[in-house]
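Here's a quick briefing to read alongside the model. Have the sequence and the 3D view open as you go.

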Amino acid sequence: MQARKDSGGRIGRKAALRVVVSATALVATPAFAATPAGTPIANTATLTFQAADGSSPALTSNTVTLQAAEILNVTIAADAEARTTRGNETVAVGFVVTNTGNGTEDYTLAIGSAAAGVAVDRLAVDSDGDGVYSATADQALAPGAALTLTPGQVVRVFVLVDAAQIGGGTAISARVTARTGSGAAGTTFPAAGDGGGDAIVGATGATASATSQLSPTAGLPTLTKSQSVLAPDGSARAIPGAIVTYRLVAGFVGATRGVVIDDPVPAGTSYVPGSLRLDDATLTDAGDTDAGTASATAIRVALGDVAADGAGSRTIQFSVKIQ
Amino acid sequence: MFKPLRLAILSTSAVALPALAAGPLQVESKVFAEQKTRAADGTVRVALAPVRRVVPGDRVTFILAYRNTGAQPIGNVVLDNPVPKGIAYRAPAATSAAPELSVDGKTYGSLANLRVATATGTTRAATADDVTHVRWRLARPITAGAQGQLAFEAVLR
């Protein structure tokens, strides 16, 4: 049932029950959709018999009615048990909450961080359901606000974390709890269920938690060099007149400032004019508005500031001729 | 876990339901659920008790009790129980004769002989979840004053 009383007075019990919850959260859900809470289940039998006059009259029994009570269940799973963060990006840590009960239920989400100083008060619901946080498409969820889910409904909630705050890393935890009540399986909340019936805590304890470990990646960029040779005779032999093409791949794992890549032209070779390239674009050899310059002795590409969310790698290519 | 509250519910739901009568033959429909009680020595007893409230996954037993209150035997008695929506048939109750089953209310037989049409136009073997009706045909007349009961077990979907 929605929006009644919070189970604020039950904190102590919940903490003690954590082990039980994790052990029972794996109980398989029925293959068929659960009967919604409040549904009346009416049974009537029909009886036919042979009467004394030879007719076959039918009669019906009384109707016995059961009401499906509300079962309180919930599961939560982190999108990733562990993930790396880069620089000062905003990380959207996703948790998938599923109402595995049979009533429309309000849930409370409690978010925590293992490390101090990490703000975890920005939440958003993945409204468009694409699994990726979008500031425009996904609706903000105020801390402590109810997350209302219909039976079987699955919703992803993002916790927006500033990666600059996590220091050496932290675990973001999320605990979801049914507002009608939680506790040991079988605990009954009289008349608190959908349809006015009782609400009964199911196997999940009506509360569940998940964590996602955030770790900053090492911030050092990488530079990998490779070469290919094309001789005048079409072979790959390094003979005079052969063209050697060098390929430099610079990898970045976060925001990196003032990036400059220098590579001297090897002794015994001469630079092939106009062969300097950055990714898919040719750079002029002159020191002009583009990022690259080349001379007889060296090439230089100034990439400047690489944004945290920019391309993960840049590829520089140039050729020399063996003298 | 076992609260006085639940006891109260049990006592209110145990109120006898009126049986409908047509001449001398009476039939009463009842529903019971398994109630587990833990004794002081730690043993758990499972007993059937009348209930009005169940949650998905709960096992329930539907019972049809019949009685011939007249002075003459009544023959060719057939009891047909459409399975309520939200209920999945599971098995005959331990104390009851096995019913004939149907997945359409027309053809009756054992589960192994029933088939269900699929969306692709073929058929597949029926499962207990597909059962829509259970039926008992009494082989012998109910003699004057005799009574009996038939039952099946089911689960709330």
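Among contacts in chain A between residues at least 6 apart in sequence, 72% join residues at least 24 apart; two residues are in contact if their C-beta atoms, placed from the backbone, lie within 7 Å. Keep in mind that this is a predicted model, where local features need pLDDT of at least 70, side-chain atom pairs count only at pLDDT 80 or more, and totals for chains, interfaces and linings use all residues. Residues are numbered from 1 along each chain as its sequence is written, while chains are lettered from A and ligands numbered from 1 in the order in which they are written.

**Chain A overall**
- You'll find 1 helix and 26 strands in chain A; these are DSSP runs numbered from the N terminus, with helices being H or I of at least four residues and strands being E of at least two.
- Chain A has 323 residues, and 33% of them count as buried, meaning that 20 or more other C-beta atoms lie within 10 Å of the residue's own, with C-beta atoms placed from the backbone.

**Strand pairing in chain A**
- Strand 8 (residues 90-98) and strand 13 (residues 154-162) of chain A pair in the antiparallel sense over 9 bridges; two strands pair if DSSP finds at least two bridges between them.
- Within strand 13 of chain A, Val155(A) is the bridge partner of Val97(A).
- Strand 13 of chain A is also joined to strand 10 (residues 123-125) of chain A, running antiparallel, by 3 bridges, and Ala124(A) has Phe158(A) as its bridge partner there.

**Nonpolar cores**
- A nonpolar core here is a set of buried Ala, Val, Leu, Ile, Met, Phe, Trp, Tyr and Cys residues joined through C-beta atoms within 7 Å.
- The largest one has 80 residues, and Val97(A), Val161(A), Val54(B) and Leu79(B) have the most contacts inside it.
- Beyond its neighbours within four places in sequence, Val161(A) is in contact with residues including Val91(A), Val118(A), Ile172(A) and Leu214(A).
- There's a second, separate core of 9 residues, with Leu276(A), Leu283(A), Phe318(A) and Val320(A) among them.

**Where chain A meets chain B**
- On chain A, 36 residues are in contact with 40 residues of chain B.
- Strand 1 (40-43), strand 2 (46-50), strand 3 (58-60) and strand 4 (64-68) of chain A each supply at least two residues of the side that touches chain B, and strand 2 gives the largest share, 5 residues.
- Strand 2 of chain A pairs with strand 6 (residues 75-82) of chain B in the antiparallel sense over 4 bridges, and Gln50(A) stands opposite Gly75(B) in strand 6 of chain B.

Notes
Buried ≥ 20, exposed ≤ 12 C-beta atoms within 10 Å, placed from the backbone.
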